[in-house]
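User: Could you walk me through how to read helix packing and pockets in a model like this?

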Amino acid sequence: MPGCGKSTLGRALEAAGAAVFVDIDSEIEAACGMSVTEIFATLGENTFRRLETETLKRIASKHIQDGRRMIVSTGGGLPCHGDNMQLMLATGTVVWMQSAPQRTIERLTAAPGQRPAADRAMAEGRLRQWHDELLEARTPYYSLAQTRFDSTELDDAPSVARAVQRFCKHFIPEK
């Protein structure tokens, strides 16, 4: 889900040397030379979803070829389109990052301008309703993940460090 802490945890895992962190949205932005918000506004959601799938396939292929340990952050909608979840399940361990809804709402509120749909819901005074409806719609896809990780506590350096330790203990085998 948007605001669950995927990027925060992914960057921290990379900094700890646990894996290479790849953010699909960042990869798309670099390739297109525009933000996800601009891509949605100028090229449309269908083009963005196609770019997500192409980027996922490229990253999965690269992972298979070189065997690098990677943490891949997908946009929250990516697993819900096409065969993306099946590809993710076939090429790695899919972790559903779950944050307490109120904490997720706080993160979304603290970062305006990064997620157009959340910004619209916020402006309309219905951010919690938007979040809950989005979670309900995505749960059938997310529930296919092999495992889950509680990402509620990622609010300061010590809590991020503890989350990195928990994540590594459960999901990243020692070399």
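This is a predicted model: local features need pLDDT of at least 70, side-chain atom pairs count only at pLDDT 80 or more; totals for chains, interfaces and linings use all residues.

User: At what angle do α6 and α8 pack?

Analyst: Helices are DSSP runs (H or I, at least four residues) numbered from the N terminus. Axes are lines fitted to C-alpha atoms over the stretch in contact, and angles run from 0 to 180 degrees between N-to-C directions. Here α6 (residues 101-110) and α8 (residues 127-142) pack at about 120°, with axes 10 Å apart. That makes α6 oblique to α8 (under 35 degrees is roughly parallel, over 145 roughly antiparallel, 65 to 115 roughly perpendicular, the rest oblique).

User: Which residues in α6 and α8 meet?

Analyst: Contact means heavy atoms within 4.5 Å. From α6 come Pro101, Gln102, Thr104, Ile105, Leu108 and Thr109, and from α8 Leu127, Arg128, Trp130 and His131. This contact has five nonpolar, four polar and one charged residues.

User: How much space lies in the largest pocket?

Analyst: A pocket is an open set of points on a 1 Å grid where a 1.4 Å probe fits, with protein on both sides within 12 Å along at least five of seven lines; lining residues have an atom within 4 Å of a point. The largest pocket holds about 1,100 Å³, counted as space filled by probe spheres set on the points. Among its 45 lining residues, Pro2, Lys6, Asp25, Gln114 and Arg115 are closest to the centre. Helix α8 returns here, giving the largest share of the lining, five residues.

How values were computed
Residues are numbered from 1 along each chain as its sequence is written. Side-chain values use heavy atoms; hydrogens and water are left out. Helices (H or I, at least four residues) and strands (E, at least two) are DSSP runs, numbered from the N terminus. Ala, Val, Leu, Ile, Met, Phe, Trp, Tyr, Cys and Pro count as nonpolar, Asp, Glu, Lys and Arg as charged, and the others, Gly among them, as polar.
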